[in-house]
Amino acid sequence: MEKKTTENFSSSENMKEKGIAAGQDRPELQKAIQEIVDSGFLGVQLRVHDEQGEWVGSAGVSRLDEETKPPTNGHFRIGSNTKTFTATVVLQLVAEGRIGLDDSVVDYLPEFGMDPRITVRMLLQHTSGVFNFTGEYYEDGTVVPGIPWQGQEWVDNRFKTYRPEELVRLALSKPARFEPGTDWSYSNTNYVLARLLIEKVTGSSLAEEMQRLILGPLGLSGTVVPDTQPEIPEPHAHAYYRYEEAGEQKTVDITRQNPSWISTGGDMISTTQDLHTFISALMGGKLLPAPLLAEMCKPYPKIGYGLGVFVQNAGPNGDVTIITHNGGISGYAALMYSTPDGSKTLTASLNYVDDVAMSLAVAFQKATQRLLEEVFGGGQAGSADVAEPASKQD
């Protein structure tokens with residue numbers, strides 16, 4: 001497949017069309033995203049807002065066997081970036097006095113018979129100990145499977161509908177990973193519970209509350225809460241999955257799928273523009289009162305995870321703080337980074353051919369590291385705080 005050159009808007013005509021300040025020829029960013037494509041990804045969309053203004057570009061291809069570049073503001077599945085949106089809604093309901101951050105979850109959702117020690121805060125911070133319905137991977141190498149989300153079984157059933165209650169009941173039928181509040185472990189179940197919590201206290205769907213509290217006020221017209229809907233709005237790049245069937249390698253377009261299998265663990269769709277608008281508004285104090293934003297960005301010591309965001313150090317001397325949450329889901333990866341005041345952001349999407357071995361995981365780590373170095377000055381992105389594409393965490 002021919003590797004396409006980077007698309008950017010350095011010409012005055014295109015910059016005027018996109019509303020980008022003149023002089024935004026950023027060859028280092030062009031080079032970085034082309035190197036990502038060269039490392040094995042199909043395509044990249046990148047948007048950077050910093051002291052030099054705004055830069056957008058794309059590299060690679062939108063789909064296999066074609067030469068069309070990815071759209072610079074196309075739609076894509078954002079994976080676990082969904083968690084940041086969901087945590088923000090929960091905290092907004094805390095601000096409205098409808099949820100208590102340190103209340104027992106069982107007070108709101110008694111039907112699941114949960115451990116009464118599990119609080120709302122523990123859901124958002126992944127300290128509940130609740131089993132991850134996509135499977136648990138233990139330090140000794142033990143794997144306890146959850147729902148099918150890989151291989152031919154998932155491909156053949158990718159339009160199946162799961163209800164959030166079903167995912168929660170599966171998780172609660174398994175042993176807890178640890179006593180509530182005593183440790184940290186990433187669990188998609190926490191955020192499906194957060195969805196059910198939102199819907200219980202408001203009497204509205206998550207999509208309606210997301211529209212009321214975030215999408216509407218910020219004008220995020222490119223962001224979708226799909227629930228069970230398989231479509232992605234145009235324009236969009238395509239995602240693929242490679243698997244073995246009867247001893248033969250097959251590659252299938254999985255752009256269309258029913259994302260209810262991951263639910264609020266990672267089902268949303270957005271664009272690089274909307275992710276920039278969201279994270280800059282969130283960090284800029286436009287969505288949460290200052291005390292709750294501070295709670296959101298207060299990291300759990302073991303892992304550097306706040307409430308729906310990772311908090312990591314970057315810069316040559318580790319003196320730059322970055323707020324982030326990345327995501328990977330079935331052939332799409334999403335990046336969302338911001339300084340704590342929202343003044344500098346990096347948002348991006350990668351489309352690729354996924355597989356059960358997660359073959360591009362290492363390349364994804366390197367790609368993310370490279371972009372952080374270019375934009376934030378030597379960001380150190382450890383494996384704990386950068387989601388692998390379609391990894392067990394997303």
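**Exercise 1. The strand partners of E14**

Identify the residue in E14 that is the bridge partner of Leu335, and determine how E14 is paired with its neighbouring strands.

*Solution.* 
Step 1. In this predicted model, Leu335 has Ala348 of E14 as its bridge partner.
Step 2. Strand E13 (residues 332-338) and E14 run antiparallel and are joined by 7 bridges.
Step 3. Strand E2 (residues 43-50) also pairs with E14 in the antiparallel sense, over 7 bridges. Within that pairing, Val44 has Leu350 of E14 as its bridge partner.
Step 4. The hairpin of E13 and E14 has 6 residues between the strands, and Gly342 there adopts a positive phi near 80°.

**Exercise 2. The surroundings of Thr88**

Decide whether Thr88 is buried or exposed, and list its contacts beyond the neighbours within four places in sequence.

*Solution.* 
Step 1. Thr88 is located in helix H3 (residues 81-95).
Step 2. Its relative accessibility is 0%, so Thr88 counts as buried.
Step 3. With neighbours within four places set aside, the contacts of Thr88 are Ile214, Phe278, Leu282, Leu287, Leu288 and Met296.
Step 4. Leu124 is 36 residues from Thr88 along the chain, and the two C-alpha atoms are 9.7 Å apart.

**Exercise 3. Backbone geometry in loops**

Locate Asp65, Met358 and Pro235 in their loops, and describe the backbone feature of each.

*Solution.* 
Step 1. Asp65 belongs to the loop between strand E3 (53-60) and strand E4 (76-77). Its phi is near 65°, a positive value in a residue other than glycine.
Step 2. The relative accessible area of Asp65 is 76%, and therefore Asp65 is exposed.
Step 3. Met358 lies in the loop between strand E15 (353-355) and helix H11 (361-376). Phi of Met358 is positive, near 50°, in a residue other than glycine.
Step 4. Pro235 occupies the loop between helix H8 (206-218) and strand E7 (240-245). The peptide bond joining Glu234 and Pro235 is cis, with omega about -10°.

Technical notes
Residues numbered from 1 in each chain as written. Predicted model: local features only at pLDDT ≥ 70, side-chain atom pairs only at ≥ 80, totals over all residues. Heavy atoms only, no water. Helix = DSSP H or I, 4+ residues; strand = E, 2+ residues; numbered from the N terminus. Buried < 20%, exposed > 50% of the residue type's maximum accessible area, 1.4 Å probe, protein only. Contact = heavy atoms within 4.5 Å. Pairing = 2+ DSSP bridges.
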